[in-house]
Amino acid sequence: MTLLAAEKVAFRYGGHNVLDRVTLALVPGEIVTIVGPNGSGKSTLLRVLIGALKPSSGAVTRAKGLKIGYVPQKLHIDQSMPLTVRRFLDLPRRVSDHDACQALETAGLTDLGLRQMAGLSGGQFQRVLLARAIIGRPDVLMLDEATQGLDQPGSASFYRQIEAVRTELDCAVLMVSHELHVVMSASDRVICLNGHVCCEGTPEVVSAAPAYRELFGTGTGGALALYRHDHDHHHHDHSHEAAE
Amino acid sequence: MLDDFVVRGVLAALGAVLATGVLGCFVVWRRMAYFGDAMAHAAVLGVALSLAFSLSIYVGVIITALCIALIFIQLTDAGQTADAALGVLAHTALALGLVIVSLLSGAKLSLSAYLFGSVLSVGITDLAVIWGGALVVLGVLWWQWSDLLTATLSPDLAYAAGIDPRRKELLLTVLLALVVAVAIKVVGALLITALLIIPASAARQFARTPEGMAVAAMIAGALAALLGTQGSLMFDTPTGPSIVVAAAGIFTVSIIAGRLRS
């Protein structure tokens, strides 16, 4: 069963192709990570998937009644708005104290309810965003660079939390990140994006793929990599067809 | 009771500040103060056109305010900065309104009532329009509260939850036009923004949640309306500006109280 799919999605902005025929599909329970350099369209792709942007061509399909939990890249709360953590969890719909408490716990927090959002540390703030996103038991959890502003141990523990959330809610997770090493180890599947899908597969396959190495400059391509390149691109085309 | 012009005036002021207090919170959260100002200035043009075509003032004000909002969207889409576009529109509308009125004979006197308000001269019909409009604004805000709040906090969070934030923005614009019409006879076009911004800002000092801020803004607004009307009768000062001065006093006290508490 496909929860959420993009088919040949293109997005043009200012005469420039930000996304070029991107095709992907998400099935229940898997953790998929989109990696790519700055300006590769990662955030744009997520925003197309949540419906904030209309694709210039191609289509996004969602399973009927699909619930999306979205953790944005950053959330600026204007200091003119008073907002406690508990009240924030009630957006967009009121939730019971029990559910709120449980979501905070799942996100690795306790007892923050009465604190003001503006007074939280970076790590706490991200976890509250995560708690809010998982509160309605979403089918898909989407995270856009959710560990920005966290230090290495902080983001490592955040990603461990994501895995725990996936296990508990059995939801699909789609995340965007530039922290390759941390993210790769936590993913079932990695999609390397640079406007178009350069390569995709298990973390092992992608990290060995030349297209990936070219983008991120890790390692040098050898004979084996060249072979894999062809193989990978064949695989990549094939998976396109399979997804259509 | 409604025969007494003071009672009518106080009731009109109360109706207006209840609506401006709550809607003002959104204006403050979304930093739309200048946008509100442009719509209020547009009301002067609306009044002038209403006088010229013998329309109901309220209808003319709402339509003109909405037109200005529409033109604003067009201008910013065409690449003007919001700041410049609002500056151009607000003052053009105000100036155009004054020019049109000067061309109409005998209308000059009545315009000053709409510039600075004349709450002590409202009739029963005005009172009905003001309270009707205020209740519609409060009702819609109540009904749409959670969606509006989500869209205000983050358009992307709204999209992910299936809420279209652009529609919510449009809704707020319509409510703002309605509030301008509701408040124009109370404080006048030039001071409407004050009733949006000042009670909400005073309320911010004491609130821990958005709802708390909205309620506190209504209380601050009501207090300003009562004190301002009272003061204007005691000192024989214009009522609209007196209400705004009272609101400013409440704001000052709230700032000092906030400082003392922390």
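Predicted model: local features only at pLDDT ≥ 70, side-chain atom pairs only at ≥ 80, totals over all residues.
The residues lining the largest pocket comprise 8 nonpolar, 3 polar and 6 charged residues. The pocket has a volume of about 510 Å³. Its lining is made up of 17 residues, and B:R30, B:M32, B:F35, B:F72 and B:E169 lie nearest its centre. Two or more lining residues each come from helix 2 (33-53), helix 3 (57-77), helix 4 (82-103) and helix 8 (165-187) of chain B.

The second largest pocket holds about 440 Å³ of space. It is lined by 23 residues, and those closest to its centre are A:K67, A:I68, A:P92, B:A160 and B:A161. In chain A, strand 5 (68-71) and helix 4 (122-134) each give two or more residues to this lining, as does helix 7 (155-160) in chain B. The lining divides into 16 nonpolar, 3 polar and 4 charged residues.

For chain B, an unreviewed UniProt entry places the feature "transmembrane region" at residues 6-29, 41-73, 85-107, 119-145, 174-200, 212-235 and 241-260. Two of these spans were examined in the model. Residues 212-235 of chain B are 100% helix and 0% strand, with end C-alpha atoms 34 Å apart. Residues 119-145 of chain B are 81% helix and 0% strand, and the end C-alpha atoms of that span are 30 Å apart.

Helix 11 of chain B covers residues 239-261, and its 23 residues should span 33 Å at 1.5 Å a residue; the end C-alpha atoms are 33 Å apart, so the two values agree. Buried residues of helix 11 in chain B include B:T239, B:G240, B:I243, B:A247, B:I250, B:S254 and B:G258.

B:W29 belongs to helix 1 (residues 5-29) of chain B and counts as buried because its relative accessibility is 4%. B:W29 and B:S201 are 172 residues apart along the chain, and their C-alpha atoms are separated by 9.8 Å. B:A85, in helix 4 of chain B, also has a relative accessibility, 1%, at which it counts as buried.

In chain A, A:Q161 is part of helix 5 (residues 152-169). Its relative accessibility is 17%, and A:Q161 therefore counts as buried. The side chain of A:Q161 reaches the backbone oxygen of A:T106 at 2.8 Å.

Backbone geometry was examined next. Most residues other than glycine have a negative phi, and most peptide bonds are trans. A:L91 and A:P92 are joined by a cis peptide bond, with omega about 0°. A:P92 is located in the loop between helix 2 (85-89) and helix 3 (97-106) of chain A, and is also one of the residues closest to the centre of the second largest pocket.

A positive phi of about 45° is found at A:E145, which is not a glycine. A:E145 sits in the loop between strand 6 (140-144) and helix 5 of chain A and, with 6% relative accessibility, counts as buried. B:S54, likewise not a glycine, has a positive phi of about 50°. The place of B:S54 is the loop between helix 2 and helix 3 of chain B. At 68% relative accessibility, B:S54 counts as exposed.

Key:
Residues numbered from 1 in each chain as written. Chains lettered and ligands numbered in written order. Heavy atoms only, no water. UniProt positions renumbered as here; feature names shortened; annotations may be inferred. Helix = DSSP H or I, 4+ residues; strand = E, 2+ residues; numbered from the N terminus. Expected span 1.5 Å × (residues − 1). Buried < 20%, exposed > 50% of the residue type's maximum accessible area, 1.4 Å probe, protein only. 1 Å grid on protein atoms, 1.4 Å probe; cavity = no way out; pocket = protein on both sides within 12 Å on 5 of 7 lines; lining within 4 Å. Points joined across faces, edges and corners; volume = space filled by probe spheres on them. Nonpolar A, V, L, I, M, F, W, Y, C, P; charged D, E, K, R; others polar. Polar contact = N/O pair within 3.5 Å; in protein donor to acceptor, adjacent residues only side chain to side chain.
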